[in-house]
Amino acid sequence: MLVSAKDMITKAKAGHYAVGQFNINNLEWTKAILLTAQELNSPVILGVSEGAGKYMIGYKTVTAMVSNMIDELKITVPVALHLDHGTFEACLKCIDAGFSSIMFDGSHYPIEENIEKTKELVKICAEKNLSLEAEVGSIGGEEDGVVGAGECADPEECKMISDLGVTMLAAGIGNIHGQYPENWAGLSFETLAAVQQLTGDMPLVLHGGTGIPEDMIKKAISLGVAKINVNTECQLSFAAATRKYIEDGKDLQGKGFDPRKLLAPGVVAIRATVKEKMELFGSVGKA
Ligand code: G3H
Ligand code: ZN
């Protein structure tokens, strides 16, 4: 059964670890992430961007696939199905489609408009017992068409959004979607500490989890980050494993071209990446 992310994230914040959000694109991604969470007895959040939702033929198809997979694979760890960087309209669609968690990304609006729209969603989510993530500041780089300037969040604005009653808050702290450039300045722990100080118990979310050095991840968790999003790193692992399979000529041997064989090394690679992240985030055994 799908659950709201509220309990898992609240426990993570109190227990000084973080729950991973891993974005899904298809059956292989979903299966790999669910099986790894179950194997490690870890709570997990499946992220769905608007682009991935379209690719998977709509949010209702995604809900049906994920829910049925949870049943068929006998997944007993808590799983939240979460819209990633959603517009207001996409949030409503996902709520209608049976998602258990949504992210409204109003970070590109003036703060007053971000507050207004977030407030409306707080009300709807409370009625339906869904978790809601909001964003202040912006995440640099680009993810599935969502482009951010990467400016650090204003802690006072974070407090305003946090006070609306959202479940978790993503604050831009110099993090970037995709791979980090050589000259990346690193996370702004000054901003994170100021946000944490003003927002108290609010679980904070770190986007752009691909390629952030381990010591920075650990420091971010110690400053109140309770959810970390990873997308690109699973894509890179999948691509590398698939490329190796083909370059080794395995697709030409026996029935190696069978998609179920061709995609299998990629699934193993995603599982290894998810395992590594869950261990680093400290969510293993916390289901
Ligand atoms: O919203 C999803 C993420 O922030 C993932 O970022 O692709 O850099 O891991 P990433
Ligand atoms: Zn993100």
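Visitor: Given that two strands pair if DSSP finds at least two bridges between them, in what order do the eight strands close into a barrel?

Guide: This is a predicted model, in which local features need pLDDT of at least 70 and side-chain atom pairs count only at pLDDT 80 or more, whereas totals for chains, interfaces and linings use all residues. Residues are numbered from 1 along each chain as its sequence is written, while chains are lettered from A and ligands numbered from 1 in the order in which they are written. Strands (E, at least two residues) and helices (H or I, at least four) are DSSP runs numbered from the N terminus. The pairing is parallel, and the eight strands close in the order β1-β2-β3-β4-β5-β8-β9-β10.

Visitor: By how many degrees are neighbouring strands of this sheet turned against each other on average?

Guide: Axes here are lines fitted to C-alpha atoms, for helices over the stretch in contact, and angles run from 0 to 180 degrees between N-to-C directions. For neighbouring strands of this sheet the direction is ignored, and the average turn is 25 degrees.

Visitor: Which residue in β9 is the bridge partner of L169?

Guide: Strands of a sheet pair through backbone hydrogen bonds, either parallel or antiparallel. Strand β8 (residues 168–171) pairs with strand β9 (residues 204–206) in the parallel sense, over two bridges. On the β9 side, the partner of L169 is L204.

Visitor: Are α2 and α12 roughly parallel or oblique to each other?

Guide: Angles under 35 degrees count as roughly parallel, over 145 as roughly antiparallel, 65 to 115 as roughly perpendicular and the rest as oblique. The axes of α2 (residues 27–40) and α12 (residues 264–281) come within 9 Å and cross at roughly 45 degrees. The two helices are therefore oblique.

Visitor: How many nonpolar residues does the contact of α2 with α12 have?

Guide: Residues are in contact if their C-beta atoms, placed from the backbone, lie within 7 Å, and those of α2 that meet α12 include W29, I33 and L40, with V267, I270 and M278 among their counterparts. Ala, Val, Leu, Ile, Met, Phe, Trp, Tyr, Cys and Pro count as nonpolar, Asp, Glu, Lys and Arg as charged, and the others, Gly among them, as polar. Beside two polar and four charged residues, the nonpolar ones number nine.

Visitor: Is the crossing of α6 and α7 left-handed or right-handed?

Guide: The axes of α6 (residues 111–128) and α7 (residues 155–162) come within 10 Å and cross at roughly 20 degrees, and the helices are therefore roughly parallel. A crossing is left-handed if the near helix is turned anticlockwise from the far one by less than a right angle, and right-handed if clockwise. That of α6 and α7 is right-handed.

Visitor: Which residues of α5 make the contact with α4?

Guide: Helices α4 (residues 59–72) and α5 (residues 88–97) pack at an angle of about 40 degrees, with axes 9 Å apart. On the α4 side the contact is made by Y59, K60 and T63, and on the α5 side by K93, C94 and A97.

Key:
Two residues are in contact if their C-beta atoms, placed from the backbone, lie within 7 Å. Two strands pair if DSSP finds at least two bridges between them.
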